[in-house]
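Thanks for coming. Please have a look at the model on the screen before I start talking.

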Amino acid sequence: FFLVVCLYCGMGNKGSAEAKDGTAPPPPVVTGPPPMEPTGKFVNKVQLASSVLGGVPPMCAYHTSVVINDEEFFFDMGGVMSTRNLGSHEQMKTQSGRDPVVIDMGYSQYSASQLKAALDQYFLAGSYDLLRKNCNSFSDCALFYLLRVRLDSKYRNMEKLGSANSSMFQSMSNGQYEPNAKAEGFSVEDVIAKVDPEKAWSTPGQQTGGETVSSVEDMRRKRLEALERRQQAQAAA
């Protein structure tokens, strides 16, 4: 049962892609735990929705999605999709009779359109893989981008076990699971490193060879000094 539902989740359901109208977000104004109440720029409510697909605790399989201001975002074979009624969990609800569990995660300064602009390129349509690149991979990256928190490892226990034993999993699935070549080389950690909102701002003086600068004039001076040092080195050579 769990495999059938997992495969269903990856084939696309009641979502619709949003327009890619997001802009590059500014650097974060704070670090640390996300605020649990709206404050300042942190006005976008972020929630995690989850449904159990099967298994026995602690080795349960889950489908997860991220909700921003009541709009759900999830990843399946159609790419990054969205609904306003937790539609990606509908099949699991029908099968189990249980509503998805929704957890308040905090408030973000980043909007839904900014999330899509940041992650769309890493979760393209047709690249879904049940074990290596699935809904939980997307939720993990989305939570980090929005709140700088990670998806609890319990949501990925089953797929990690399957990924470590993919040949056995293929055999047990009676051919229903086949590795997706388009997911080859995908890494959640690589994506997180690339979309880290603070990454571009966390290396002091990256414009001037590693020295911290505090003003436009200071930056110009440091650049001229660096240029002069290069010219002197070339002359000496």
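I will go through some aromatic rings, then a pair of helices, then a loop.

First, the ground rules. This is a predicted model, in which local features need pLDDT of at least 70 and side-chain atom pairs count only at pLDDT 80 or more, while totals for chains, interfaces and linings use all residues. Residues are numbered from 1 along each chain as its sequence is written, and side-chain values use heavy atoms, with hydrogens and water left out.

Now the rings. A pair of aromatic rings is described by the distance of the centres and the angle of the planes. Rings of Phe, Tyr and Trp (for Trp, its six-membered ring) pair if their centres lie within 6.5 Å; planes under 30 degrees apart are stacked, over 60 edge-to-face, and the rest tilted. How many aromatic pairs does a search of the whole structure find? Six. In one of them, the centres of Phe75 and Phe123 are 5.0 Å apart and the planes are at 70 degrees, so this pair is edge-to-face. Helices (H or I, at least four residues) and strands (E, at least two) are DSSP runs, numbered from the N terminus.

Phe75 also pairs with Tyr128: the centres are 5.7 Å apart and the planes at 40 degrees, so that pair is tilted. Tyr128 is in the loop between α3 and α4, 53 residues from Phe75.

Phe75 is buried at 1%, Phe123 is buried at 1%, and Tyr128 is buried at 7%. Phe75, Phe123, Tyr128, Phe138 and Phe186 form one aromatic cluster. Lys133 lies over the face of Phe123, at 5.6 Å from the ring centre; the rule is NZ of Lys or CZ of Arg within 6 Å of the centre and within 35 degrees of the ring normal.

Next, the helices. The axes of α3 and α4 come within 11 Å and cross at roughly 120 degrees. Axes are lines fitted to C-alpha atoms, for helices over the stretch in contact, with angles from 0 to 180 degrees between N-to-C directions. That angle makes α3 oblique to α4; under 35 degrees is roughly parallel, over 145 roughly antiparallel, 65 to 115 roughly perpendicular, and the rest oblique. Contact means heavy atoms within 4.5 Å. Among the residues making it are Leu115 and Leu119 of α3, and Phe138 and Tyr145 of α4.

Six of the eight residues of α3 are buried, including Ala112 and Lys116. What covers them includes β2 (59-68), β3, β4 (79-83), α4 and α7 (188-195).

Most residues other than glycine have a negative phi. Asn69 has a positive phi of about 50 degrees, and phi of Asp70 is near 75 degrees. Asn69 is partly exposed at 36%, whereas Asp70 is exposed at 57%.

Key. Buried < 20%, exposed > 50% of the residue type's maximum accessible area, 1.4 Å probe, protein only.
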